[in-house]
Each structure stands twice: as structure tokens, then as C-alpha cells.
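Please look over the sequence and the model shown below before reading on. The briefing that follows is grouped by topic and gives the cut-offs as the terms come up.

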Amino acid sequence: MARIPEAELERLKREVSLVRLIQSQGHELKKRGKDWVMCCVFHDESTPSLSVSDEKNLYHCFGCGAAGSVLDWVMKTQGVSLPHAVQLLRNDAPLENTEKVGVSRSHARHLPSLAAGSSASAASEVEDAALLRSVVEFYHANFKQSPEALTYLVSRGLNHPELIEHFQLGYANKTLTYRLPAGYTQAGRQMREQLQALGVLRSTGHEHLNGCLVVPVLGLEDGAQPEQSGRVMQLYGRRMQPNNKIPANQSRHLYLATPLRGVWNEAALLANLEIILCESLIDAMTFWCAGFRNVISAYGVNGFSQDHWQALKHHGTQRVIIAFDRDSAGDAAAEKLAEELRSAGIEVFRVLFPQGMDANAFALQVENPAQALGELLQQALWQGKGTPVSVEPETTFSLAAAPQATAELPPLPGVSDSETLPLGGSVSESETFSENAQGDLLLAVADRRWRVRGWKKNLGPEQMRVNVQVRREVAEEHVMGREAAYYVDSFDLYAAKARYSYLKQASIELGVPEEIIKRDLGKLLLKLEGLQEASIQAALAPKNPTPTLSAEDELAALNLLRAPNLIERIEADLTRCGVVGESYNLLAGYLAAVSRKLDQPLAVLIQSSSAAGKSSLMDAVLNLMPEEERIQYSAMTGQSLFYLGETDLQHKILAIAEEEGVRQAAYALKLLQSDGELTIASTGKDEATGNLITKQYTVKGPVMLMLTTTAIDVDEELLNRCLVLTINESREQTEAIHAAQRKKQTLDGLLADAEKQAITRLHQNAQRLIKTVAVVNPFADQLTFLSDKTRTRRDHMKYLTLIRCIALLHQHQRPVRHVEHRGKPLAYIEVLKNDIVLANRLAHDILGRTLDELPPQTRRLLELLQGWVEARSQAQGLKEKEFRFGRKDVREATGWGDTQLKIHLGRLAELEYLLLHRKGLAHEYTLTYDGKSGHQPHLMGLIDADQLDNTSARSGDSEKRSDSGRAMVGTQSDTLNHAQSHAVSGVDAEAVGLNEKALIQPPQKNHSALSSAV
């Protein structure tokens, strides 16, 4: 009796109705007040003296003094011991009674399995079964419309899409009684009485399983398919309080007040000779969702019932893997059950969860439940395999006989005694892993040779689908004239059912016990998991990892970044790398490459005619950037960008050799530059099911874009997103390039190439030390910009970003300031006036040309034509508008090629800078442009840097200038004046060679050319 928990005895006394139990034995009770009376069965009498209290669930005879609970009644009427009485009540065993009298229909609805044979009405049982089925359907429909129930399943990791429908899960939330007829009607009263008899409603009228996840236990009808469910045997309720905080006076697990009948997921026993047995339904559903469908559940730690025994016997189960909780109660129950199973001839294994955990808690703690649970199943501790013995029928239920377990397996043909495998013991066989030229994994164990193909395709941790071949080499001296046996099949090693099917068939083909094949498969799986993990890590690793800088290299790079003349050194190093001239373009390209560290980087388009040197300019800039932070392509297809890795482009440079090579990808490039992210929905194949599904691919920015083009007419959408750098195509530049090419053939050129490698390494290391940091411009509200065109909205952002790039490049010369916002610290550096001076210089040269409606080379031809026409017309005594000339005259005067002249003269005639006259088949032109262009481009609307101060003074009186903006967010630093700014940055105008007043060119008095351009 000490082995039966006191709580279990109290539960039986409380939950098993004594009145209904007596009626099920065929005794007739009569109502007398609140109690029931009958003639005592323990002594002879003619007048009823035995009273049964329905409220207290006790009986008492006033004649002989017999009294007690439902347990006492069973022990005295059946003549059994207390353990046997508990077993009978727990497992719902039939109770014998010689006195069988009729039972009224109203009393036949309770505990039908405890009723004495034919005394219960068959019609009543059918009616009760139909009503209970309706309750299950109502709870099931209620579940699918209850977000809190779905949320609970997700919180327990039970989010398999088929779980709810397959097991008809339900939810009870006090709404069942709303669907019943009114309680004051006869039909309503009868319905409520019937539901109370079934245990669905309590005597108070409330739902017994209120607030619970409801799991029906369905009986499998004879001849039914596994997916077909039979009669509802029992309802299990699991309370769903948030965070599992169940009040102390409430039970987590509830059942109907009827015997615990049926086996949950009994269909699994039809298809599997190996079964996983869990302690609770939540744990069993955890295994089911992880892909292990051969799982059933007991009714608690001591709830392995008679129905479970009969189901195992009926379906011929050969192996049970006990997956009870890893606590004192679970361990004790598992040990006791394992002994009983071995006595019944069943092989037993025990899954060992971490101490104090169950299957569901363990699955919630791991990243891949399917893989982790599979590993635990593979590592399950063997408990032995026995032969059934004769036992008393009232205590155990024997299954079919099984082979006697032995200490070790019989010797195999071709295997020496030293290679015999002790069952459950240590492995003495030597094993050798290798890989052939085709990439197949090979394993040699004793006389067995394994070959695994296709393992490299499994780049996801959810599956391990492979082709496995096993051969057994038979020595001639053991088996003469017999060829080596083999077996091959393709299956998922993570699928327990497929794995068991393979090892069973391989065991038959090779004539090797299943335990040996199982052990070999375990070795293969562990090896494949290690190889797969290495492959996944290699695939996820950065393609170009950032190298670790030595102390010497880091110091040299820091010295460069902290140099007072940093800008001058960059310009000089770019020239030493082989690019002649193009100082503004080189510096602008270098700063744009630095902008990759910003949240909104710049984009650069290098434009020139063929062979002018645009690729050399781009290569010169890119060579100074770290290799791991730049990606170069010759061309891109329309959707290629969408299928890059999610972070492959983040804070990197994307360089494409020719703009024509990305015409198909132009749309994606525009989105990536504007939005900083690309997203596409595409069809793909589900790795688990093979079905077509919709997959989303995302590529995150920001990314710095660098393109080159020979086209004069560039896509306007792409043009206004980029800084346009135009190559100097003058004769003087060509002569300088020729001189540099000749010098490269000399000894000085050879030494310069060697020096170029050192310069490249220095700048790449310096760029690796530039970090992403916020940049604050305290002068932003004083800046002005041209506002006569809508495209200047983007050009204005280019100008502001250019200032931020310069400040970011000098981050190692600026103090890092800190501010706290919403409880979080923010770090930033500030823009100095020198940054705006340099940005203005570059804006005049680059944006001034960009906003011109003529391309730079066309503008240069116009200026040449203007000087030439002026000289020729004066020599001939004509007005400039009267002087006519042909394309041949211009070719002789300028030395330009015919194709080049045809393009640029056509553009000038189209924009009416030239007037076209036809003379037969020839064309003649007259110059209509009379403007005087300055020698340097100029961007109107920029404020002079020497006008900036730390006050809130605003500029922008011109109606063509944008207003300087609203009040700044936050306060502007006033701790540094202009002189201090130079001291902090370590850069002064004199050291850098910059004259602020000389850099900002004043507007020309005669600027009709600029007026036409801007």
C-alpha cells in the first residue's frame, strides 16, 4: 500500500461515483431525501438499511455497520486487495456480480464500461457517443476561432500546420452551454443531465474542462485506416494560463469523470513495431510535431492502462522507447514499466532528458527540436529485452512471446569472435571514414562497407536526405560460392520511420542483426551532422573576411588618417598610383567610396568617350579600398541583385564596368540607391515537402554605387541619383598621359610600380579603420543651395552627403561626442568649416557641371567654336552670326575625330547653340551662342564658408536659393570657434594649401552660358 500515492487514493475516492458504480453492478437504489438506500449486500435483510451518500461518496449500513468509500466497496464486494481494487478502478476492469437486475435508462449513461454486460442500454450508449462526438466537434470549431488557444500552442512549440486537424484539438471557454436548449425546458434539462453524466458538465452546470486545451482520445475502429477516428473514449484538458501559472487549488491536467479509456494516436501502432511512449499528451504532440509520428501517451506518470497493454498486444509492438519526464516520479515509473514490458517480451529503451526536464521543455530550449529529439532517441539507454513469464491475470497483461535476450549476439559468418558485438556494451569494431573522388562518404566497419551519396546537398539543418548503400563482404573460407550481399536506398536519415525501415530491410538482406545496422547508421549520422555543420558554417562565413592588421600596419594607417594634410596626401597618392590629372574627380571618387560607411551613401557615374580613361579612374579609386568591402561586376542581369545574400552589399561598394551592362538591372539599382533595400517575392520549393511555395528574398543596403559609361544621353533617373564625374579629354591631358606612359617604361616607372603596392596597402588598411559613426553638421541651418529645379532636391542631398563624407574621413582627428536620447547613448562627430570649404570646391567643379544642360565635352567644343568663329569672322570682316562653316572646317581647326564631331555638333544644333543650313548634300552651321563662359565651372547658390558662424543667422535672400531651413533639432556646439576647429581637426587651410576665398569663385558679370545651364 505504501507504493500507491496517497493522492491517487484520494483522487479515486473523489472522482469515481459510488452511486453509479453500485448501479453498474445491477443493484437497485431508491432515492430517499438527498441519499440513496438499498438492501445491504453484506448481510441478509428485508428492509433497506444501507445508505449511500451521493454528496459525500460514502456508504453506511445501519444494520451490520459496514461503511467506507468506493475503494472499500470494491474490496469487500469483489474480495480483492487494495492494490487490486485500485487497479480495477484505474483501468476500468469489468466487475463481476452474481446479482444482475435491470438498470433504468437514466442510470445507464455513467461509466458504461463498468456496467455489467447487457444491463446497459445499447441505444443509450449510441446516444451518449453521438453527444460526446458533438461536444468534440464544437470544441474543435471553437479552437480554430480562438487566438488565445492558437497562441498557447505556439508558446509550447506545437505549431505544426496539421496538428489541430489531425487530432481534432479543441478549446473550452464557457460557451458550450450557450448552444444547449434553455435550461427551463425538458429538452434542456435532459441534455444537461446527460452531459453531467458524461462528465462534460459538473453538478453546478459549469464546463468541467473550462479554460483548457481539449485533446480527444479516439478509439480506432476495427478495419479503419490510421487517419480515420472512431468513438470518443476520453477527453483530456490542459489548463492554458499565461506563463503556466496555475493556481495551487487547480489541477493542470483534467479528464472526464469517466474511466481512462482508449489510446491516444493508436493509429501509430498499426504502422510501427517501434513506439515512443510519453508521460503526457503535450510531450507526445511535441514528438509528433518534430516528425516522430510513432508516438503514444500514457495518462500521467502511473497511467499506463489496460487499454495500452491490450493495444500493444493487438498490434504486435516489439520495441517501446519510454520518454517519461526526467524527475524522481518519472524515473521510478519508467523503471517499473520497463520491467513489466520486458516481462511481456518487449524490448525497452529509455530516453534521458536533461535532469528535471520533459520532452516539451527540452524542445523549447533547443534551436532545432527535430534534430535534438532525434539525437536523444538515438542515444536512448537500452533497458533489455525479455521473455514473458506467467503472472497473475489481475496484475499484468502478457503480450505475445518474444525471443530470449542474450548477453551477446551469435557469431556472424566471416566475423571472428573478437568482433562480436555485445548488446548494449562497448564497441570493439574498428571503423574507418574516408571520401572518394566523387565526394561520397565511405565507412568501413568489420566486413561492412557503407557508401553515402548526396550529403553535400543538405545545406539546411532540417533534413538529411541521402543515398545509402551497405555491402557485406563474405570471406571465402567462411561462405564458399556466395557473392557479397548489399542493400541501397534513398531516404531521410532524420526520419525515424524511414531509418527504421532501412535498417530492417538491410538487416534482412545482409543477414546482420538490426542492432548492428542501427549502430552503424548512428555513426554515419553523427559523422554527416559534423560534415553538414562545417558546410553550413563555410557557406555562411563571409566570402572575404576582414584581415587582422598587425600593430605596425595599424600604426601606419592611423598616422595617415591623423595627418594634418590628409587631403593633400590622398591626392598625391592617387597621382602616384598612375592617374594623370583628374585631381577633382579622383578626390570626389575617393570621398564617395568613403560614404559607404554612411546610412545614405553617394553614387558615382564616370562619363567619357571611349578610351578616355574612365576605367583607369575607377580602378585607381577602387584599388585603395579594402578588397572585402568592394564588389566588381562587368554586367548584371535584371534579377541578379535580388538573389544576393541579405547582407552581402551592406556598407560596401558595388562597381560595374559599364553602365550599359546594367540596363536590365537599372530598376533594382535605383531602388537600392533610394530605399536602401530590395525585396522580391518568388516561387521556390519547400525543402521538407517539395511543394512550390512563395519565398521572399531581401537584400539590405546601404551600398555605394560606382558606374562608368560612354553614353552622352544617360537615363535621367540614374543621372540625378549620381555624382557625374567627366574625364578631361583635352589635347593637353592626352599629351600628359602620353608622357606618363613613356615614363612608366623607365627605371623610375618600375620603382613607381613597386611603390604603388605599398600605397595601396596603406590606404586599404586606413579604410578598414574607418568606422560607421553619426555625423552632425552644426552649420546645416546656415547652408544654402540652388532651388530653381526639382532635381536639385537630390543634388542638395549629394552636397550635404559630401560634407559628411569629408567629416567621416577625418573621424580620427575629431573628438567623439556623446548625447543621451530616450535612455540610450548616441555617439557622433561634428562637421568643421574646413569640411564645407572642401565640399564647396568639389561642388563647384562637379555639381556645377552636372547641372549644365550640356555634357562637359560638348561644352568644351562650344567654347572652342566660339573662339575660332570669333577669330575667323574678324579676319573676314563678318559678324559672328554671318560666318558659316562645315564639319570639315571644324575637324581641321580642332583636330577632333569625325564621329566625335558628328555627335557633339548634333547636340549643339538640337539645343539651338548652332543654326543648321543645308547646302546640297552638305551641312553648314552658324554660331548663335554669344555667351562668355568662365574657365572654371561654378555652382550658384552656395554660401561662402567664411560667412558661416555659430549664430542662427540665415542666408537665402535670392529667390533662386532654397531657404536655409527651420531651427535645428538639438543644440549647436558653441565650444569651438573657427580657429579651434582647425586645431581639433589638425587641418588648417595653409597646410592643406587651400585658400577659402579663392576656392569660392564669385559669379561672373557676364554669365549667359551659366544662365542657360542653371
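Arg-630 stands opposite Ile-653 of strand 22, in a pairing where strand 21 (residues 630-633) and strand 22 run parallel and are joined by four bridges. Strands here, like helices, are DSSP runs numbered from the N terminus, with at least two residues in state E for a strand and at least four in H or I for a helix, and two strands count as paired if DSSP finds at least two bridges between them. This is a predicted model, in which local features need pLDDT of at least 70 and side-chain atom pairs count only at pLDDT 80 or more, while totals for chains, interfaces and linings use all residues. Residues are numbered from 1 along each chain as its sequence is written, and side-chain values use heavy atoms, with hydrogens and water left out.

**Strand 22 and its partners**

- Strand 22 also pairs with strand 25 (residues 703-709), in the parallel sense and over five bridges, and the bridge partner of Leu-654 in strand 25 is Leu-705.
- Four of the five residues of strand 22 (residues 652-656) are buried, so the strand is largely enclosed by the rest of the structure; buried means under 20% relative accessible area, exposed means over 50%, and partly exposed lies in between, with a 1.4 Å probe and protein chains only.
- In the loop between strand 24 (692-700) and strand 25 lies Pro-702, which is joined to Gly-701 by a cis peptide bond with omega of about 0°.

**Lys-614**

- Lys-614 lies in helix 20 (residues 614-623) and is buried, with a relative accessible area of 6%.
- Leaving aside residues up to four places away in sequence, Lys-614 touches Ile-606, Ser-608, Ser-609, Glu-658, Thr-708, Thr-709, Thr-710 and Ile-727, where contact means heavy atoms within 4.5 Å.

**The open antiparallel sheet**

- Strands of a sheet pair through backbone hydrogen bonds, either parallel or antiparallel.
- Four strands form an open sheet in the order 6-7-8-9, with antiparallel pairing.
- Strand 6 (170-172) and strand 9 (253-255) stand at the edges and have a single partner strand each, so one side of each is left without a neighbour in the sheet.
- From one strand to the next, the twist averages 30°, with angles taken between N-to-C directions on a scale from 0 to 180 degrees and axes fitted as lines to C-alpha atoms, for helices over the stretch in contact.
- Strand 8 (residues 232-239) pairs with strand 9 in the antiparallel sense over three bridges, and Gly-237 has Leu-254 in strand 9 as its bridge partner.
- Helix 10 (residues 281-289) packs on this sheet, where it touches strand 7 (212-218) and strand 8, and the direction of helix 10 makes about 75° with that of strand 7.

- Helix 17 (residues 551-561) packs against helix 24 (residues 747-768) at an angle of about 80°, with their axes 8 Å apart.
- That angle makes helix 17 roughly perpendicular to helix 24; the classes are roughly parallel under 35 degrees, roughly antiparallel over 145, roughly perpendicular from 65 to 115, and oblique for the rest.
- On the helix 17 side, Asp-553, Ala-556, Ala-557, Leu-560 and Leu-561 meet Arg-761, Leu-762, His-763, Asn-765 and Ala-766 in helix 24.
- The contact of helix 17 with helix 24 has six nonpolar, two polar and two charged residues, where Ala, Val, Leu, Ile, Met, Phe, Trp, Tyr, Cys and Pro count as nonpolar, Asp, Glu, Lys and Arg as charged, and the others, Gly among them, as polar.
- Helix 19 (residues 583-594) is mostly covered, with 10 of its 12 residues buried, and the buried residues include Asn-585, Tyr-590 and Val-594.

- Ala-446, although not a glycine, has a positive phi of about 55°; Ala-446 is found in the loop between strand 16 (441-445) and strand 17 (448-453) and is partly exposed, with a relative accessible area of 23%.
- Arg-822, also not a glycine, has a positive phi of about 55°; Arg-822 lies in the loop between strand 28 (817-821) and strand 29 (824-830) and counts as exposed at 78% relative accessibility.

**The chain as a whole**

- The chain holds 33 helices and 32 strands, and 48% of its 1014 residues count as buried.
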